[in-house]
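Dear colleague,

I am passing on a structure to you with this email, and below it I set out what was found. Please keep the view open while you read.

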Amino acid sequence: MNAMAEMVAPYATPQADGTLRGQLDAMDLAGVDKAVMLPIATKPTQFEIILKTAIQHRDGKVSPRATGRIIPFASVHPADREVARHLEMIAAEGIKGLKFHPCYQNFRLDDPRVFPMFEKIAELGLVVTTHAGLDLGFRGCMDACGPKQIATLMKNVPGLKFVASHLGGCNGYAAHATDELLELGAYIDTSAIHRNWNLDEEQRLLRSWPKDRILFATDFPWVHYPEAIKWVKSIRAEEDWEYVFHLNAERLLGL
């Protein structure tokens with residue numbers, strides 16, 4: 001709990017203890033059936049333990065309660081010298097996708113040196129989700145994973161299944177900067193810290209993007225499920241809820 005608090009203090013407060021039990025309890029309380037677990041490899045040597053843990057969570061070996069409910073992603077580090085082989089291992093295990101956070105992993109999404117890695121990901125049909133835009137703990141990282149950098153990556157890696165977190169990384173950039181990602185086939189998710197919920201651009205994106213290109217997300221444990229659900233429902237029309245809350249994720253992840 002203290003480690004989580006230090007990550008973004010004083011900007012946000014964890015809403016749970018970071019344990020699997022806390023995650024499942026929160027899901028039960030909110031009536032959430034499934035959740036995607038998104039680890040990050042902050043160095044190349046973490047690949048194996050992250051993949052092993054993902055498999056254990058998927059198979060219910062960490063907790064029987066998690067079986068069929070936790071959908072684990074894997075992660076690789078761009079500096080991994082065996083990244084292509086490791087990506088093949090991820091796909092062979094049936095893991096659905098990978099999480100990246102350029103600020104923690106010290107790379108830029110528009111760096112041509114990472115394009116081959118993402119080309120391999122696209123070839124394997126894996127889903128990519130990445131932190132996008134401003135990170136409260138890395139205020140000097142604005143040019144690593146904003147809408148412009150994401151757009152450059154997607155233009156150079158056609159067919160990449162890409163989810164831009166935090167409403168496409170709009171926070172801190174010009175209005176409508178994220179809309180280019182819509183034209184390139186990206187998804188955005190609804191994870192956002194409370195302090196951003198009333199910003200005009202966040203609300204515009206949630207209200208205006210097509211119903212089939214938005215994924216419900218909370219960034220739990222930073223935001224509790226009921227609060228995030230209430231926020232989405234307060235902005236998005238009711239006829240779109242089933243797409244945002246589950247149909248889009250089911251289609252993207254092949255559930």
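**How the helices pack**

In this predicted model, helix α4 (residues 83-92) packs against helix α6 (residues 115-124) at an angle of about 25 degrees, and their axes are 10 Å apart. Angles under 35 degrees count as roughly parallel, and α4 is therefore roughly parallel to α6. The crossing in which α4 passes α6 is right-handed. On the side of α4, the residues that take part are Val-83, Ala-84, Leu-87, Glu-88 and Ala-91, and they meet Met-117, Lys-120, Ile-121 and Leu-124 in α6. Sorted by class, this contact of α4 with α6 has seven nonpolar, no polar and two charged residues.

An α-helix has 3.6 residues a turn, so residues three or four places apart point the same way.

Is Ile-90 buried or exposed? Because its relative accessible area is 0%, and buried means under 20%, Ile-90 counts as buried. If its neighbours within four places in sequence are left aside, Ile-90 is in contact with Phe-47, Leu-51, Ala-74, Val-76, Ile-95, Leu-98 and Leu-126. As for Leu-124, the C-alpha atoms of Ile-90 and Leu-124 are 9.4 Å apart in space, while the two residues are 34 residues apart in sequence.

Gln-203, Leu-206 and Arg-207 of α10 make the contact together with Trp-231, Val-232 and Ile-235 of α11. By class, these are four nonpolar, one polar and one charged residues.

Which residues of α10 are buried? They are Glu-201, Glu-202, Gln-203, Arg-204, Leu-205 and Leu-206, and what covers the buried residues of α10 includes α8 (165-169), α9 (179-183), β6 (187-189), β7 (214-215) and α11.

Helix α11 has a further contact, with helix α12 (residues 241-253): the axes of α11 and α12 come within 9 Å and cross at roughly 135 degrees. That angle makes α11 oblique to α12. Here Ile-229, Val-232 and Lys-233 in α11 meet Trp-241, Val-244 and Phe-245 in α12, and the residues of this contact divide into five nonpolar, no polar and one charged.

Cys-145 counts as buried, at 0% relative accessibility.

For the chain as a whole, there are twelve helices and seven strands, and buried residues make up 52% of the 255 residues. Among contacts between residues at least 6 apart in sequence, 75% join residues at least 24 apart.

Definitions and conventions:
Residues are numbered from 1 along each chain as its sequence is written. This is a predicted model: local features need pLDDT of at least 70, side-chain atom pairs count only at pLDDT 80 or more; totals for chains, interfaces and linings use all residues. Side-chain values use heavy atoms; hydrogens and water are left out. Contact means heavy atoms within 4.5 Å. Helices (H or I, at least four residues) and strands (E, at least two) are DSSP runs, numbered from the N terminus. Ala, Val, Leu, Ile, Met, Phe, Trp, Tyr, Cys and Pro count as nonpolar, Asp, Glu, Lys and Arg as charged, and the others, Gly among them, as polar. Buried means under 20% relative accessible area, exposed over 50%, partly exposed in between (1.4 Å probe, protein chains only). Axes are lines fitted to C-alpha atoms, for helices over the stretch in contact, and angles run from 0 to 180 degrees between N-to-C directions. Angles under 35 degrees count as roughly parallel, over 145 as roughly antiparallel, 65 to 115 as roughly perpendicular and the rest as oblique. A crossing is left-handed if the near helix is turned anticlockwise from the far one by less than a right angle, and right-handed if clockwise.
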